[in-house]
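Hi everyone, thanks for having me.

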Amino acid sequence: NKILNVPSIPWCLPLLGNILQLGDRPYEKMLEWSKKYGPIFKVYIGSQPVVVLNGTDLIREALIDNGESFAGRPHLYMTHATLKGKGVISSPYNFDLHEHKKFLQTSLNKFGRRRSSLEINCLQTIRETLDEYRERIDDKFEFTNNQMKNSISKITSQNVLTMTFGTRMHDKKNFSHLMDLITENFENTAVAAAFNFLPITRIFKAFILKNVMKCSEFLNNLISEKMEEYNEIIDQIDYDDESEKFESNIIECYLKELMNNVCMIDNKLSDSFYTNRLTPSYNNVSRRLTEKRRSSLTIENLNRRKSRYTSFSFDHLSSVVQDLFIAGTETISTSLNWAIIFAAKYPCYQDKLIEEIERILGREKLPTESDRQKCHFVEAFLNETMRMISSGPILVPRSTTKDLIFKGYKLPENTFVMVNIWSCMRDPNYWCDPSEFKPERFIDENGNFKGRNPAMMPFSVGNRACIGESVARLQMFLIFTSLVQKFSFSFANEQDSNNEKLMRGIPGVGLNPPHIAIKLKLR
Ligand code: HEM
């Protein structure tokens, strides 16, 4: 054990380490331990030593001031089996990651900006959802939190589909199959976390891997259909054209960069050829596109074609698309599901929400991005929801990218690090009454939204921060405002409202809302 002088938790069990003490809410236990042992300490999860970071000041110092040193991802057993360290989320901190984050950030900004395809698509799906609710509404119209989350996930998944493929999925059966696969993928990821720490659990690997692969195969088939379309139009593409022609979705943008990527001709060409994605159609079409690119290159255009991204490959493309579905659907629907639960729990805040929404939008007009700056209380309410539940209370695992001395402790390269972001959202140095739900903490004396608090980092900060923050915030605003404008929410079972244990949620990959029923009433 080379993590030399970081304080440890006094005792741990052989094989299990501190797993039993950490329990099913490790972020709460870590916060408790930080008060006793200091903000940085070491635990054993199984036989894996893990350095835990707590508290706003320490976490900001690590993720911002020492951003590069803490920007690695440990080699996680399952994600490496499926994503192979490609794409973004599970990628080690390297040049490929840097290029892919830059590319995605630019693309998401493009599709997420005002009156964009994202907004138009999102509003269209919201309209359909509202109609569906209206059709079912009667005095007993209740939703379990799972049904509520599923119906919001449908909106967020159609949004990711539009940004990625340029169109929603209209076939209901196919779409509901995709939704099931995404949910299963999430559940399996939680189970697969054990593979990293308890090697014995790897006897289930084949079973879990088969399930996870179903989702990636489904997505690969969708990508290969899109690549076939691209193959048809490829002769019309002028790579010197700087306009956004043939760039109406992420796949098109990616392929345009990839096909223009002359730096890959020699040694790296094999990389784009090589795919191990277990989908024959994906492999076939990527092979054909690679051939086409090779034959289209001449001495003249070789010099003209400038490559902006040199690391792009078909393997990366497949992982990037999976990343978007993993990171961009359930995260938003979980946060919104919580927002609805808080609206039901606090009718006084629900009244304030509706007062603001009616004042700014009236009863009929659906919200748009430009209304966001005016809806200060809605913004405050959504931020307070994210603060309270911090849907990923511990960040995606990090690792150190080099040997370093941090706060006097020696951390060698590849130290496994867990960042307890929950401790920032509950940090009494930055929040008054941190465990109380108080949206007004985000409102200044003039009634305007004030977002700036260094401890508020639901999307993380620094080199591995979320790239979907702006599209996530836009969708949250559009969906939540539309729902509150049309319906009031209350607990179907009134006792649930005072059940503090229920309100702590159910831990999983994120912090899931409790199993309760919500009653909807048309306003
Ligand atoms: C409410 C919604 C969301 C929340 C709370 C959220 C939060 C986070 C957090 C905490 C991380 C981990 C960063 C770290 O390790 O420091 C992350 C990473 C990431 N998120 Fe999000 N996210 C949301 C929505 C989205 C959306 C909509 C997208 C894309 C469409 C997205 C794409 C990503 C990607 C690609 C990463 C990996 C970044 C990296 O490894 O460098 N997220 N997100």
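Let's begin at the ligand. Helix H14 (314–328), helix H15 (330–345) and helix H19 each give at least two residues to the shell around it. Please keep in mind that this is a predicted model. Which helix supplies the largest share of that shell? That is H14, with four residues.

In total, 24 residues surround the ligand, and the closest are Ala327, Gly328, Ser460, Cys466 and Gly468. What kinds of residues make up the shell? They divide into 14 nonpolar, seven polar and three charged.

Now let's pick out Cys466. You'll find Cys466 in the loop between helix H18 (422–425) and helix H19 (469–486). The unreviewed UniProt entry has a "binding site" annotation that covers Cys466. Is Cys466 buried or exposed? The cut-off for buried is 20 or more other C-beta atoms within 10 Å. Cys466 has 20 of them, so Cys466 counts as buried. Setting aside residues up to four places away in sequence, Cys466 touches Phe459 and Ser460.

With 25 other C-beta atoms within 10 Å, Ile467 is buried. Which residues does Ile467 contact, leaving aside neighbours within four places in sequence? The answer is Lys101, Leu104, Gln105 and Leu108. Here is another pair to look for on the screen: Ile467 and Val88 are 379 residues apart in sequence, yet their C-alpha atoms are 9.8 Å apart in space.

Let's move on to a sheet. As a reminder, strands of a sheet pair through backbone hydrogen bonds, either parallel or antiparallel. Our example is an open sheet of three strands in the order S3-S11-S8, and the pairing is antiparallel. Strand S3 (142–144) and strand S8 (487–491) stand at the edges with a single partner strand each, so one side of each has no neighbour in the sheet. On average, neighbouring strands here are turned by 30° against each other, ignoring direction.

How many bridges join S3 to strand S11? There are three, and S11 spans residues 517–522. Glu142, for instance, has Lys519 in S11 as its bridge partner.

Finally, look at helix H7 (residues 145–165). H7 lies across S3 and S11, running at about 85° to S3.

How values were computed:
Residues are numbered from 1 along each chain as its sequence is written. This is a predicted model: local features need pLDDT of at least 70, side-chain atom pairs count only at pLDDT 80 or more; totals for chains, interfaces and linings use all residues. Two strands pair if DSSP finds at least two bridges between them. Axes are lines fitted to C-alpha atoms, for helices over the stretch in contact, and angles run from 0 to 180 degrees between N-to-C directions. Two residues are in contact if their C-beta atoms, placed from the backbone, lie within 7 Å. UniProt positions are given in the numbering used here, feature names are shortened, and annotations may be inferred rather than shown by experiment. A residue is buried if 20 or more other C-beta atoms lie within 10 Å of its own, exposed if 12 or fewer, and partly exposed in between; C-beta atoms are placed from the backbone. A residue is near a molecule or strand if its C-beta atom, placed from the backbone, lies within 6 Å of it. Ala, Val, Leu, Ile, Met, Phe, Trp, Tyr, Cys and Pro count as nonpolar, Asp, Glu, Lys and Arg as charged, and the others, Gly among them, as polar.
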